[in-house]
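User: I would like to learn how to read a protein model, one feature at a time. Please give the general idea and then the case here.

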Amino acid sequence: MELDPEIRGFLQETDAMFGPDTAALPLAGQRRVYDAWCERFSVPAPSDILVSEVQIPLPADAPVRATLQRPARAEQNLPIVVYYHGGGWLMGSPETHRMVTAELARCVGAAVLSVDYRLAPEHPYPAAFDDAYAALLWAGALGREAGIDPDRLAVAGDSAGGNLAVAVALAARDRGGPRIAIQALIYPFLKAARR
């Protein structure tokens, strides 16, 4: 079957950007390639989405940075999606996934909290989970101050972020945390349980 010309072009550019030597680069170099690839295939930030930065406190560490995106004409008490970006727990940020989260805010009509969780290997497990769960707690407990409705709370993520979305949902269930209304997983990094 013949590929669509746009898809073929995307694949060719991706192959060129992630050349055969990319895996041999130091992690900082791999992150730069990944950031450049995300930027290359993102559209300019939409003017109808407002973006603000949030600092989410952690008990024993520096605060977790996140971006909060919302439709510009939206009223208060929006539903909120806590979003965890992909990147294999090694790369990625709210900036690499800003197009995804902005479109999510626009199409769903919700606020989207995109979490800049700490990356491995500098910050080994459970740092990313701790940051992800702190963001969920923030949305569930303090969100009203930011004009969001914690009773309409969703978690979402892609790849490694999908894994974090599952992990925080299970933790919230087991720890009596915020009630999650919806979970959206985009090719999550999960292992199927055997029966």
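**Strands, burial and salt bridges**

Analyst: Strand β3 and strand β5 (residues 148–158) run parallel and are joined by six bridges. Helices (H or I, at least four residues) and strands (E, at least two) are DSSP runs, numbered from the N terminus; two strands pair if DSSP finds at least two bridges between them. This is a predicted model, in which local features need pLDDT of at least 70, side-chain atom pairs count only at pLDDT 80 or more, and totals for chains, interfaces and linings use all residues. Residues are numbered from 1 along each chain as its sequence is written, and side-chain values use heavy atoms, with hydrogens and water left out.

User: Which strand pairs with β3 over five bridges?

Analyst: That is strand β4 (residues 111–116), and the pairing is in the parallel sense.

User: What do β3, helix α3 and β4 make together?

Analyst: A crossover is right-handed if, with the strands pointing away from the viewer, the path from the first strand over the helix to the second runs clockwise. Here β3, helix α3 (residues 98–108) and β4 form a right-handed β-α-β unit.

User: Why is β3 described as largely enclosed?

Analyst: Buried means under 20% relative accessible area, exposed over 50%, and partly exposed in between (1.4 Å probe, protein chains only). Strand β3 (residues 78–84) has seven residues and six of them are buried, so the rest of the structure largely encloses the strand.

User: Is Leu78 buried or exposed?

Analyst: Leu78, which is in strand β3, counts as buried because its relative accessibility is 8%. Contact means heavy atoms within 4.5 Å. Leaving aside neighbours within four places in sequence, Leu78 has contacts that include Arg70, Pro71, Ala110, Ile148 and Asp149. The C-alpha atoms of Leu78 and Ala110 are separated by 5.5 Å, although the two residues are 32 residues apart along the chain.

User: How many salt bridges does the structure hold?

Analyst: A salt bridge is a side-chain nitrogen of Lys or Arg within 4 Å of a carboxyl oxygen of Asp or Glu. The structure has 13 of them. One of these joins the side chains of Arg65 and Glu95 (2.8 Å, N to O). This pair links distant parts of the chain, with Arg65 in strand β2 (residues 64–71) and Glu95 in the loop between β3 and α3, 30 residues apart. Glu95 is partly exposed, at 41% relative accessibility.

User: By about how many helical turns are Arg106 and Glu103 separated?

Analyst: The separation is about one helical turn, because Arg106 and Glu103 are three residues apart in helix α3. Their side chains meet in a salt bridge (2.2 Å, N to O). Arg106 is partly exposed at 33% relative accessibility, and Glu103 is partly exposed at 32%.

User: Which residue forms a salt bridge with Asp131?

Analyst: Arg118 does, and the closest N and O atoms are 2.9 Å apart. Arg118 lies in the loop between β4 and α4 (127–142) and Asp131 in helix α4, so the pair ties together parts that are 13 residues apart in sequence. Both Arg118 and Asp131 are buried.
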